[in-house]
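Have the chains open as you read.

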Amino acid sequence: MRHSIEGAVREGNATDATLRGDRRAFFAALLRGAVTAVAAAAASSVWATRLQAQAGSSQSAASNVEMTSDSYKPVRRDPKPGATPQMTEKQLEAFERELACPCPCTLDVYTCRTTDFNCGISPAVHKDIKALVDGGYTGDEIMAAMTSTYGDFILMTPRKQGFNLLAWFAPFAAVAIGAVAIGALLRSWRVNAATGSATRAAAAAADAKAAESAPFPPSTGLSATPDELARLQAALRNDGQ
Amino acid sequence: MILVGELSLWVALLMAAWTTTVSFSGGVQGRADLVKSGERALYATFAFTVLASIGIWTALFTHDFSIKFVASYTSANLPKIYTFTAFWAGQAGSLLFWALIMTLYSALAVFTNRSKNRHMMPWVTGTLGVICLFFLMTICFGANPYERLDWIPPDGRGMNPQLQNPGMAIHPPMLYLGLVATSVPFAFAIGALISRRLDAEWLGAVRRWALLSWFFLTIGIILGMWWAYVELGWAGYWAWDAVENSSFLPWLTGTAFLHSIMIQEKRGMLRKWNVTLVVVTFLLSILGTFITRSGIIESVHAFAQSSVGNWFLGFLIVATVLTAYLVSTRLDDLQSKAELESMISREAAFLYNNLALVGICFATLWGTLFPILSEAVKGEKITVGPPFFNAVNGPLGLLLLALTGIGPLIAWRRASVSNLRRQFTFPVLSGVVVFAVLVTLGMRNFYALMSYLLAGFVMGTIAQEFYKGIGARRRMYSEGLFAASMRLIGRNRRRYGGYIVHFGVVVLFCAFAGLMFKKDLAATVKTGETIKATDSYGHEWAFTSQGVSQFEQLNRKVLAVSFAVTRDGKKMGLLSSEKRQHVDSNDQPTFEPSTEVGILESPAQDVYLVFTGAVDAETAAVHINFNPLVWWVWFGGIMMAFGGIIVMWPQAQKERESGYVAELPSESDVLVGAGA
């Protein structure tokens, strides 16, 4: 079933073209819905390329849109002479999983760009990385380029150096301290047990006496009936013999 | 009704204030009439909060768009069910919903203790009153759902389409029921601290509430995972997002409490620790609410940034300081005479269990807050993403899993070597067998192998416990297998319900480890073209595009892509994923388009299809994921909830009044083992 849908697509930053009656228009309407201030900026870079043919837009990717500090920032380097890619497609994927998407999605670049329809930032970042890979740059060089533009914010995890070491080691240090504290606590309990052994022996004797007369007083917290308990007691006594 | 509701909100506020005032002064002066008045006022607070809530629901269903909340989160064409759930879709409404649960719980707690724990009830009622008062104040002055617009829009903005999902309809209430339930144990802890009655008595009053909280938090978290998995489209269910973490933190300390409470009940030890855990659990639930609602940390789930955060921060600080003061002045009363014969005992295992749980809690909190710390100290914004949490919590999680198996095998007080050998043989063997089989099958992933080794061990423990228990019953009472199993569980609900929960936890760990073998690929295909892929089990999959279609449905326009799927040449049916553009009643698009993923579900693995976007009318970009064992996450969650129900299920009065039921079985462990 086909529907006739009116939709408008924003081209560049001025004209509203009204398309009518086909999937493209529908798609354009979808797209228009997608764009919030930030996403719109980057969306153009992704979708522009994909949409150029159908929407007849001559808009170039991400070049004519304003960026906010948290959004896409171009990372460009001239290709190395005689460049050959230093990374395979799989390595590129793994690389992108180490980078946080600068949009508020809290995902990594690879996951975001393969998932989120609305985020235009991760595909734009991907394009930059791809260009750098094609330009012959190694993973370390690209990482350096990314962090010099975005700061360490772009890394999925804090660097294991300087102040950020605290992030990595504090949890383990806390657990280690806890383990030592528990060890000390247990030891002190044992000391308590040793010093209080005489009193406890007396108490145990009293307990045993009490147990003799009433094997399981109702206050000890049992879920079985007295009858069951008596039978269990008997069975256990037999077992012990 | 809307006006009645609005006025009721203010009356509820006054009632909560009255409750607080007279309960505390009644407690100080020892005047029963004031205490009684406070309790009645608390019931009234609940009644008026109900009226205030009904008012909002009325506004939602009558589409009164002059009310900002209604206009912001609903539209005239929103399906009825989501109009109902819109109550908790936005900041102001969800706070009122929170207050509704809070006052309900408060009323229930006071009612069920009307002839019990009387000496501490004035303080308990007063503390509950303070919390109710805080929430009602936040609502009245910070985010009032009855706030009016100065004009009446023709239609509302509608509900975020990602919230138009059955999971999202019930996930928040479950989470709130769990988070709010931490207030009652907290109130009892305060009551016990003020009245200096710090023996096991107050624990008896709160155990059920702590369980209730744990139960709802578990369901809420699992439902949240399910929602994220089916709705957000990134093919995962847990991203260590700040909001996810904030619901996880009180769950961890709550779980720790449910274990350590047994030591106090049985041995009278760990009084300080138990009070601390109860208090920390409550404070973490408030902290989580603060994180979620202040916008201080970026998150996909967070509410819009608002001043409500300041209220929560203030409350958090005041509550922390007052409680710390209260505990510090009661340290002598919290002194317990602790004795332990051996380092190898169940008490020790429980302590390390608590260490692992609290350790994970600390690590998670630390990772969540570290970006703020870094920005404050170094002025640098950094990201602490899922790889960090996995790296740090992975080892701690495995430690916890190991303890889940070890704890039940060790006797209280002291374990003898021969007893240990007898108890550990089968579980260790079962873990080793699982490990050997998986290695033979070619599994090499270290974390996964460790997980399955430990999972086999814990399963062995649980199986052995049931086997021994059932065997003992059958010998003693000549019961059939079924009757013996049922009675074993029925008569020892805490113990065997607990094992069922452990079973669910093990299943969850197995499912988590399964994601180590996740595979995915992104592709762009024209109609008729086929994507070929191999999953981790070695099956050959083929996805043939049936083309992109578009249609209208309810309040949305849909763009869909379908694939005919085969596995090793065998037809597996159609798999579709949709892009949905929601529209308002004037057919104008609302919100961003959302993804409806296609999932081919099976216990072995989910095939998870995401429609990334249409390139043109014929060509679709998709992301295909093979997610092993995800089905078991939901199954494990259901088992945990099921075990929780068994543990909570009321027993006959005589049985319920008693303490920890594991006392006899834990001793009989040794003896039954000797007889076997």
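Is the crossing of H8(B) and H11(B) left-handed or right-handed?

## Two helices that cross

The crossing of H8(B) and H11(B) is left-handed, meaning that the near helix is turned anticlockwise from the far one by less than a right angle. Helix H8 covers residues 183-194 of chain B and H11 residues 271-294 of chain B; they pack at about 135 degrees with axes 8 Å apart.

On the H8(B) side, B:Ser183, B:Pro185, B:Phe186, B:Ala189 and B:Leu193 meet B:Val275, B:Val278, B:Val279 and B:Phe282 of H11(B). The residues of this contact (heavy atoms within 4.5 Å) split into 8 nonpolar, 1 polar and no charged.

## What this rests on

This is a predicted model, where local features need pLDDT of at least 70, side-chain atom pairs count only at pLDDT 80 or more, and totals for chains, interfaces and linings use all residues. Residues are numbered from 1 along each chain as written, chains are lettered from A and ligands numbered from 1 in written order, and side-chain values use heavy atoms, leaving out hydrogens and water.

## A helix in chain A

H7 of chain A (residues 165-195) has 31 residues and reaches 44 Å from first C-alpha to last, close to the 45 Å expected at 1.5 Å a residue (1.5 Å times one less than the number of residues). Its buried residues include A:Trp168, A:Ile182, A:Leu186 and A:Trp189.

## One buried threonine

B:Thr461 sits in H16 (residues 446-477) of chain B. B:Thr461 is buried, at 1% relative accessible area (the cut-off is under 20%, with a 1.4 Å probe and protein chains only). Beyond its neighbours within four places in sequence, B:Thr461 is in contact with B:Gly405, B:Pro408, B:Leu409 and B:Pro427.

Note on methods
Helices (H or I, at least four residues) and strands (E, at least two) are DSSP runs, numbered from the N terminus. Buried means under 20% relative accessible area, exposed over 50%, partly exposed in between (1.4 Å probe, protein chains only). Axes are lines fitted to C-alpha atoms, for helices over the stretch in contact, and angles run from 0 to 180 degrees between N-to-C directions. Ala, Val, Leu, Ile, Met, Phe, Trp, Tyr, Cys and Pro count as nonpolar, Asp, Glu, Lys and Arg as charged, and the others, Gly among them, as polar.
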